[in-house]
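The following note sets out a few points for a colleague reviewing the entry. Please read it alongside the sequence and the coordinates.

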Amino acid sequence: MHSVAISGAGLIGTSIGLALRRTGVRVHLSDADPEVARRAAELGAGTLEEPAGPVDLFVAAAPPYAVAGVLGAAIAAGTARTYTDVAGVKEAPLREVSRHHPGLATLVGGHPMAGRERSGPGAAQADLFEGRPWVVTPLPTSGAEHVARVEELARLCGATAVRMGPAAHDRAVALVSHAPHLLAALVACRLAAGEEAAVAVAGTGVRDITRVAGSDPAPWVSLLGANARPVADVLAQLRDDLDVALGALNALATDPADAGAGERMRALLAAGVTGRERLPGRHGGRPEALAVVPVVVPDRPGELARLLAFIGEAGVNVEDLGLEHSLGQPAGLALVSVRPEAAARLREVLAAGGWSVHA
Ligand SMILES: NC(=O)C1=CN([C@@H]2O[C@H](COP(=O)(O)OP(=O)(O)OC[C@H]3O[C@@H](n4cnc5c(N)ncnc54)[C@H](O)[C@@H]3O)[C@@H](O)[C@H]2O)C=CC1
Ligand SMILES: O=C(O)C(=O)Cc1ccc(O)cc1
């Protein structure tokens, strides 16, 4: 693949441009907002020049509601040899394009399963897709070489292509992304209504479960609307589980020794453990068992950077990093995840270096 045109130079379009530029692919950027495209080009994601002739691949990286129009216009103009998109919902936009261009072999949908809570070119990262799944959704009419080209795009961006039909994709993202997002927002809604004193004692659990609830609502309103049926199906199953939990809690509130209710609660939580264990690890494999080393970080500029530099000099690789802050404390807690075999030595060198390490 030598040349790619990206229409929509926001978070995803610019991240793809940055990733492709690293591999030497020529990238032509455009956006409905020329100022956005200019910023993306300034960041090194590609050129604003129009391609001289058809490019190898056209990528529609506009919002889901605009994707069918963007693809349709590019196809009508003969912009590329192969056409794809990155929208978070696949059935409706692809059906819409196919309606206007029946029997099209050059169209193959796609959806990189990586994102951020921020949008726009300024939030873009060349390594956003590294190690993440990129769902490729061929249509019955898609030609094999065009499917292969979209899979090559995924690979060039460092992602792993996973083939799925558009409807199966929409059901999958309802389960693993859209319904969880909605649930995170619902839990966060309770926080919005909670008393100040209650919210103040929040720990890491509620932070973890509400992380994605901090996202801009606008794109999610449109995604949830475009995938309403599959998300509603997951929510209905969640409601059944909620009813079981509520029934058990009401019974336990009356009689804490109610063995049947206790067992129903245990079974729900155990099913949760099983479900969570099925999630793939960061790079698509099984979840890695990492050791977490909690280190106290004084709340002063540069302290976290000093800690990370210290760990780096000790030759220990940080696999993941979390931060915990507690109200009114002059320090935070860095949760440094390392490979289990490195944990004991890291504790030793940190303690020797004057860092306070928690058990
Ligand atoms: N944000 C995320 O976490 C992820 C988003 N996606 C998908 O990527 C696509 C883009 O999302 P983001 O980059 O996050 O949004 P964004 O808001 O950062 O960028 C979208 C860009 O598309 C432009 N645009 C709107 N209408 C257009 C049109 N008709 N022609 C050309 N450009 C147009 C906007 O001006 C904006 O710059 C969406 O379809 C979204 O579902 C896919 C994976 C993750
Ligand atoms: O929701 C997730 O699992 C993410 O990792 C972020 C994300 C957001 C929107 C998408 O269309 C795809 C991925």
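1. Ligand 2. The shell around ligand 2 consists of Gly88, Met113, Ala114, Gly115 and Ser177, a residue being near a molecule or strand if its C-beta atom, placed from the backbone, lies within 6 Å of it. By class, this shell holds two nonpolar, three polar and no charged residues. Here Ala, Val, Leu, Ile, Met, Phe, Trp, Tyr, Cys and Pro count as nonpolar, Asp, Glu, Lys and Arg as charged, and the others, Gly among them, as polar.

2. Basis of the model. This is a predicted model, in which local features need pLDDT of at least 70 and side-chain atom pairs count only at pLDDT 80 or more, whereas totals for chains, interfaces and linings use all residues. Residues are numbered from 1 along each chain as its sequence is written, while chains are lettered from A and ligands numbered from 1 in the order in which they are written.

3. Confidence. The protein chain has a mean pLDDT (the predictor's confidence in each residue, from 0 to 100) of 94, and 97% of its residues reach 70 or more. For the complex, the predictor gives an ipTM of 0.98 and a pTM of 0.83.

4. Ligand 1. Among the 28 residues around ligand 1, those that come nearest are Gly8, Gly10, Gly88, Gly115 and Ser119. Two or more residues of this shell come from each of α1 (11–22), α3 (64–77) and β5 (108–112); helices (H or I, at least four residues) and strands (E, at least two) are DSSP runs, numbered from the N terminus. The largest share, five residues, is that of α3. The shell around ligand 1 comprises 15 nonpolar, 10 polar and three charged residues.

5. Sheet. An open sheet of four strands has the order β2-β1-β3-β4, with parallel pairing; two strands pair if DSSP finds at least two bridges between them. At its edges lie β2 (26–30) and β4 (80–85), each of which pairs on one side only. Strands β1 (residues 3–7) and β3 (residues 55–60) run parallel and are joined by four bridges. Ile6 has Val59 in β3 as its bridge partner.

6. Gln125. This residue is located in the loop between β5 and β6 (133–138).
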